[in-house]
Structure formats: C-alpha cells, structure tokens
Amino acid sequence: MSPISNLPDLSIAADHGGGLDAAMARFGGKSTDWLDLSTGINPRPWPLPAFTAEDWNRLPDKAAFAAIEAAARDFWQVPEAAAVLVAPGASSLIARIPWLLPPGKVEIPGPTYNEHARAFAAAGWQMAQGAGQVLVHPNNPDGRLWTAKDVKAPFVVIDESFCDVTPEASLIHLAARPGSLILKSFGKFWGLAGLRLGFAIGDPALIARLGQMIGPWAVSGPALRAGALALQDKVWAKATRLRLEQDAARLDQLIGKAIGGTTLFRLYQVEDALHWQEHLAKAHVWTRRFPYDPTWLRLGLPGDEKGWAQFEQAMKGLR
C-alpha cells in the first residue's frame with residue numbers, strides 16, 4: 001500500500017469560517033454584494049506598501065529574514081533565549097508541529113480551533129492528558145484567556161493568533177521555556193490573511209527543526225517586507241486596537257450581550273443559530289455557526305459604514 005493511501009481521512013472534522021462561494025451558490029449574489037462576517041479577520045487591514053520589481057523577482061535574502069525577525073522580537077517583546085521562525089502562515093506551522101516529537105498524548109481543551117486536533121491526529125497522537133498540550137489564547141470561538149499556571153505539559157503549543165488585540169495577556173514570556181512554541185498569525189489583527197505570513201517563537205531546538213521542515217525561501221519577498229514594516233508601525237497598532245474595541249461594542253449594541261469572543265469576533269447565544277444564519281444570508285451577510293452547539297453564532301466586524309448599514313438592514317426581523 002502506498003504512503004498516500006495510509007493517510008487518515010480527517011475531512012469530517014473540518015470546520016471553519018469563510019466558504020463564501022458556497023453561500024453565494026445557495027443564496028445568490030456576487031462576492032461584492034456580500035458582507036462576510038464569518039471570520040475574525042480585521043476588515044480594515046494595515047495599508048500595504050508599493051511593491052518593487054525586486055520584491056517579486058528576487059529570492060528573499062538573509063537580510064530580509066533578519067529584518068522581519070528583528071521587528072517581530074521588538075513588537076512581541078520576545079525573550080532573548082527564544083528563537084523566531086518566519087513561516088507562510090500559522091496554518092503551515094500547525095500542520096507540521098505534531099511531527100516534531102514522537103506521537104504520544106496531547107491535551108487540546110475545546111471547543112477550539114479544530115486544525116490543531118486534526119494535525120495531531122494525522123501524526124498519530126491521542127487526545128488525552130500527556131506529554132503534549134495545545135492552548136489557543138485567546139480561545140476561538142469563546143475568547144477564553146489562559147495563564148502560565150494552565151501550562152502543565154513538557155511540550156506546549158500556545159496559539160496566539162488572536163492575541164494582538166490584547167497584548168497585555170500574551171504568554172510570550174513562556175517562549176523561553178524548553179518545549180514551548182508560541183504561534184502568531186499575520187492574517188487576523190493586521191487583516192492580511194492573503195499575505196500568508198505567520199511566526200513560531202520558542203524553544204530554539206524545536207524552531208530549528210521546524211525551519212528544516214518548511215525549507216528555504218518559504219516566505220515570499222513581498223510578505224517579508226510588508227511584515228517587517230507593519231510590525232514597526234506601532235501607531236497603527238494602537239489606533240486599531242481602540243477602533244476594534246469601539247466596533248465590538250457597537251456590534252454588541254445591535255445584537256445583545258456577547259457570551260464570549262475578542263474584539264475581532266463576537267460569540268452570541270441565540271435561540272436558533274441556523275435560522276439566524278439563513279435570515280442574514282438572504283440579505284447577503286455571511287456568519288459562522290458551530291456543529292457542536294445549535295445556539296452559538298459568531299460574527300466578525302463590518303469594515304465601513306456601508307457594511308454596517310447592510311448589516312443593520314439584514315438584522316430587521318431578528319430583533
């Protein structure tokens with residue numbers, strides 16, 4: 001039997017936001033007609049620079065990687081003893097991390113972002129308390145924050161993809177702990193999911209092995225330059241955190257008190273999440289519901305006043 005045929009089929013566990021193409025196929029409209037609130041991506045992204053021909057036609061050099069690593073260390077206050085790896089998105093790291101160690105038992109408190117469990121299962125790990133632990137911080141979808149006291153396993157992955165809205169809660173100081181990996185995503189807070197840029201920060205031995213897995217030139221030149229510049233733009237970061245707080249409060253005023261979430265996405269408990277999703281979809285507003293709780297509905301933020309107006313119009317008949 002070929003190695004490919006031995007791979008587990010994990011498609012049943014897949015559960016994500018997005019999927020706007022399927023929504024359009026069912027409810028009609030063009031992509032420009034839709035307001036996609038099904039993800040936690042900042043709808044007002046950091047403004048990209050004008051790229052040069054060299055950004056596109058040259059292989060990224062060591063200086064480009066060094067520049068973004070230095071910017072990451074400064075922005076996230078990375079401990080000196082920890083290593084930094086730049087990668088083509090946090091998802092590429094999540095898929096590889098379980099292969100760093102021989103399979104054992106891993107605890108992944110849920111419900112949470114399901115790609116961690118899919119990746120560990122594919123690598124042969126069992127879901128139970130043991131040598132490994134994954135903490136999504138803040139948790140997706142309920143926004144739960146963890147503390148250093150919650151870290152109990154010798155091998156721990158702390159996914160801080162949404163933590164840049166609450167930097168004071170970051171567990172980045174644990175990156176200097178042996179066996180620890182902190183993940184950062186550039187697609188959420190900076191709103192540049194299409195750039196495919198992510199970071200692993202932590203145990204130098206684990207980071208070195210991850211680097212070998214993803215290979216040389218894994219990140220594009222444009223992504224490296226944009227990422228380095230964005231990480232240095234602390235004025236934008238501060239203003240964005242304030243705006244997100246205001247917009248999250250505005251969304252709560254329209255729907256009601258959220259039961260969880262962050263300032264990038266809000267989690268609400270409604271009587272029938274499927275009814276809510278379909279009602280809003282008829283007005284070309286796409287939201288996120290969850291297969292494990294028929295009352296949970298998660299919404300991201302509209303990006304501009306046109307989006308807010310479309311959402312408020314779509315809400316008629318629900319409240």
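## Helix 8 against helix 10

Contact here means heavy atoms within 4.5 Å. The model is predicted. In it, helix 8 meets helix 10 through Asp247, Arg250, Leu251, Leu254 and Ile255. On the helix 10 side, the partners are Glu305, Trp308, Phe311 and Glu312.

The two axes lie 12 Å apart, at an angle of about 15 degrees. Angles under 35 degrees count as roughly parallel, and helix 8 and helix 10 are therefore roughly parallel to each other. The crossing of helix 8 past helix 10 is right-handed.

## Charges over rings

Arg250 and Trp308 both belong to the contact between helix 8 and helix 10. The charged end of Arg250 sits over the ring of Trp308, 4.2 Å from its centre.

Arg298 provides another case. It lies over the face of Phe265, and the distance to the ring centre is 5.0 Å.

## Helix 3 against helix 7

Helix 3 spans residues 62–76, and helix 7 spans residues 221–232. Their axes are 9 Å apart and pack at an angle of about 25 degrees. Helix 3 and helix 7 are therefore roughly parallel to each other. Helix 3 passes helix 7 in a left-handed crossing.

Helix 3 contributes Ala64, Phe65, Ala67, Ile68, Ala71, Ala72, Phe75 and Trp76 to this contact. Helix 7 contributes Ala223, Leu224, Gly227, Ala228, Leu231 and Gln232.

## Aromatic pairs and a cluster

A pair of aromatic rings is described by the distance of the centres and the angle of the planes. Across the whole structure, a search finds 15 aromatic pairs. One joins Phe189 and Trp236: the ring centres are 5.5 Å apart and the planes stand at 70 degrees, so the pair is edge-to-face. Phe189 lies in the loop between strand 7 (180–185) and strand 8 (198–202), while Trp236 lies in helix 8 (residues 234–255), so the pair ties together parts that are 47 residues apart in sequence. Phe189 counts as buried, at 1% relative accessibility. Trp236 also counts as buried, at 15%.

Phe290 and Trp296 form an edge-to-face pair, with 6.3 Å from centre to centre and 85 degrees between the planes. Both Phe290 and Trp296 are buried.

Phe189 and Trp236 also belong to one aromatic cluster, together with Phe75, Trp76, Phe186, Trp190 and Phe199. Of these, Phe75 and Trp76 are in helix 3 and take part in its contact with helix 7.

Notes:
Residues are numbered from 1 along each chain as its sequence is written. This is a predicted model: local features need pLDDT of at least 70, side-chain atom pairs count only at pLDDT 80 or more; totals for chains, interfaces and linings use all residues. Side-chain values use heavy atoms; hydrogens and water are left out. Rings of Phe, Tyr and Trp (its six-membered ring) pair if their centres lie within 6.5 Å; planes under 30 degrees apart count as stacked, over 60 as edge-to-face and the rest as tilted. Helices (H or I, at least four residues) and strands (E, at least two) are DSSP runs, numbered from the N terminus. Buried means under 20% relative accessible area, exposed over 50%, partly exposed in between (1.4 Å probe, protein chains only). A charge sits over a ring if NZ of Lys or CZ of Arg is within 6 Å of the ring centre and within 35 degrees of the ring normal. Axes are lines fitted to C-alpha atoms, for helices over the stretch in contact, and angles run from 0 to 180 degrees between N-to-C directions. Angles under 35 degrees count as roughly parallel, over 145 as roughly antiparallel, 65 to 115 as roughly perpendicular and the rest as oblique. A crossing is left-handed if the near helix is turned anticlockwise from the far one by less than a right angle, and right-handed if clockwise.
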